[in-house]
Amino acid sequence: MTSSVKNEPENNWFKQIYNHFIDGANKLTLAIEDITNIFITSKYNPFYYHGALPQFYLWVLFISGLLLFAYYIPTIDNAYLSNKLVNAWTSVDYITNTLPFGGVVRGIHRYAGDAMVLFIFLHAIRVWFTDRYRQYRWIQWVTGVILLLMVLFIGQTGYYLVWDERSLLLTRMTVSALDALPLIGGPLKTWFLNGDTITNLTLSNFLFIHIGLSFALLFVLWLHYVRMTRPVLTPPPAVNFILVGAILLIVFLIPISSGTMANLNSQPNAYDIDWFFLFNYWLMAHMPMNVFWISMTAAAVIATILPWFVKTISAPVIPAEVVIDKCTGCSLCYRDCPYQAIEMVPAPAGSRFKLLATVNIPRCSSCGICVGACAFDAIDLPQLPDASVLTEIKSFAGAK
């Protein structure tokens with residue numbers, strides 16, 4: 001026993017370093033929030049809506065994408081022979097340069113995507129720094145990682161759809177990356193191109209992936225919210241106006257344009273990079289393909305398992321307990337629980353009531369909201385009994 005206690009500091013060096021880092025990062029973010037409150041008050045502080053900001057831009061992307069879809073033609077027929085042909089590139093060119101406000105809508109779609117990725121990363125960092133991603137919140141974290149990967153891939157397919165030289169280069173780089181994968185590389189390449197080579201079906205497939213994954217995003221978003229009773233889905237209207245205004249300002253300051261029409265007989269070797277969506281292509285160009293896949297896979301796995309990798313940093317949650325003899329089945333605790341950790345089940349035979357409350361242990365955060373909601377003292381926190389809390393409150397009141 002003595003030896004175990006003596007070695008404990010040595011075994012917990014990572015825990016100590018991690019705790020110091022998280023504490024410092026949390027204090028920094030709280031200080032930034034406090035400073036922001038001085039200027040715009042807490043009601044309009046965007047840091048209090050860091051989870052709702054990406055979703056707001058998601059709705060902007062859906063609306064602007066629908067308008068773009070109305071004029072987009074997913075073909076590459078002789079795209080490199082005549083500018084007068086109606087194909088993907090010429091339809092995008094028409095939207096940008098001829099259709100009234102088409103360039104604005106396209107710019108909104110592009111920059112709203114960038115803003116969504118930016119706010120997703122800020123949301124993840126804030127959740128990480130406040131240690132709100134483990135134990136009963138692991139589903140939110142894991143689905144958040146999946147959402148981020150989906151958003152990045154959806155954004156990349158958007159760049160394919162323009163079908164300029166950059167689109168062609170990105171497509172060929174993706175094919176080369178898939179070819180480097182053992183076993184599954186060939187089938188994935190065929191699925192990606194919708195065949196063995198780039199054809200009209202390739203653009204149709206890109207459009208299907210772009211739109212199909214966007215709607216699949218809604219299902220994963222539902223999973224992301226499934227443990228929250230009252231999630232904040234959108235910021236206040238004033239913040240929304242500011243977000244739209246910021247995007248419009250960028251659209252007019254940095255207008256969107258397409259590159260030269262893709263030519264299947266040429267090999268582009270340079271392109272403008274959008275660091276929010278195309279950073280992985282920069283990595284492809286600067287490292288061996290096997291190193292690229294190992295790095296990307298490792299990053300995704302580490303991000304996904306993070307809630308369990310540092311699970312010993314803080315003490316485990318002790319769930320609330322229902323006092324069966326006092327429970328009346330009123331459902332007040334069930335309605336107020338923000339994590340859907342209270343479930344109402346049929347009462348056993350002989351009970352005076354139809355329902356009884358039970359605690360879904362993996363979901364319980366030990367926040368105590370259910371204790372405050374119960375009017376019959378029928379639920380308690382084992383480590384903090386209701387009677388002890390009342391005694392402590394009375395002692396404080398008496399001291400004053």
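The legends below accompany close-up views of a predicted model.

**View 1. The two domains of the predicted model.** The protein is divided into domain 1, which spans residues 5-309, and domain 2, which spans residues 321-398. Taken over C-alpha atoms, the centres of domain 1 and domain 2 are separated by 42 Å. Seven residues from domain 1 and ten residues from domain 2 take part in the contact between them.

View 2. Asp114 is buried, with a relative accessible area of 7%, whereas Arg110 is partly exposed, with a relative accessible area of 26%. Arg110 also forms a salt bridge with Asp274, where the closest N and O atoms lie 3.3 Å apart. Asp274 lies in the loop between helix H10 (237-253) and helix H11 (279-286), while Arg110 lies in helix H5, so this pair ties together parts that are 164 residues apart in sequence. Asp274 counts as buried at 3% relative accessibility, and salt bridges with shared partners join Arg110, Asp114 and Asp274 into one network.

**View 3. The salt bridge between Glu33 and Arg126.** The count of salt bridges in the model comes to four, and in one of them the side chains of Glu33 and Arg126 meet with an N to O distance of 2.8 Å. Glu33 lies in helix H2 and Arg126 in helix H5, so the pair ties together parts that are 93 residues apart in sequence. Glu33 counts as buried at 5% relative accessibility, and Arg126 also counts as buried, at 11% relative accessibility.

**View 4. Asn45 and its surroundings.** Asn45 is found in the loop between H2 and helix H3 (52-69), and this residue is buried, with a relative accessible area of 0%. A polar atom of the Asn45 side chain lies 2.9 Å from the backbone nitrogen of Phe47. When residues up to four places away in sequence are not counted, Asn45 touches Glu33, Thr36, Asn37 and Ile40.

View 5. Thr96 is placed in helix H4, residues 88-97, and is buried, with a relative accessible area of 14%. A polar atom of the Thr96 side chain lies 2.8 Å from the backbone oxygen of Val92. Beyond residues up to four places away in sequence, Thr96 touches Gly102, Gly103, Arg106 and Ile256. Gly102 and Tyr72, which are 30 residues apart in sequence, are 11 Å apart in space, C-alpha to C-alpha.

**View 6. Ala25 in helix H2.** Ala25 is found in helix H2 and counts as buried at 8% relative accessibility. Ala25 and Ile125 are 100 residues apart in sequence, and their C-alpha atoms are 9.5 Å apart in space.

**View 7. A nonpolar surface patch.** Trp13, Phe14, Ile17, Trp138, Val301, Ile305, Trp308 and Phe309 make a nonpolar surface patch of about 830 Å². Helix H2 (13-40) and helix H12 (289-309) each supply at least two residues of this patch, and the largest share, four residues, comes from H12. Ile305 lies in helix H12 and is partly exposed, with a relative accessible area of 40%.

Key. Residues are numbered from 1 along each chain as its sequence is written. This is a predicted model: local features need pLDDT of at least 70, side-chain atom pairs count only at pLDDT 80 or more; totals for chains, interfaces and linings use all residues. Side-chain values use heavy atoms; hydrogens and water are left out. Patches are made of residues with over 30% relative accessible area and no salt bridge: like charges are joined within 9 Å, nonpolar side chains (Val, Leu, Ile, Met, Phe, Trp, Tyr) within 5 Å. Accessible areas come from the Shrake-Rupley method with a 1.4 Å probe; for residues, only the protein chains shown count as cover. Buried means under 20% relative accessible area, exposed over 50%, partly exposed in between (1.4 Å probe, protein chains only). A polar contact is a pair of N or O atoms within 3.5 Å; within protein, one must be able to donate a hydrogen and the other to accept it, and residues adjacent in sequence count only if both atoms are side-chain atoms. Contact means heavy atoms within 4.5 Å. Domain bounds come from an automatic or database domain assignment.
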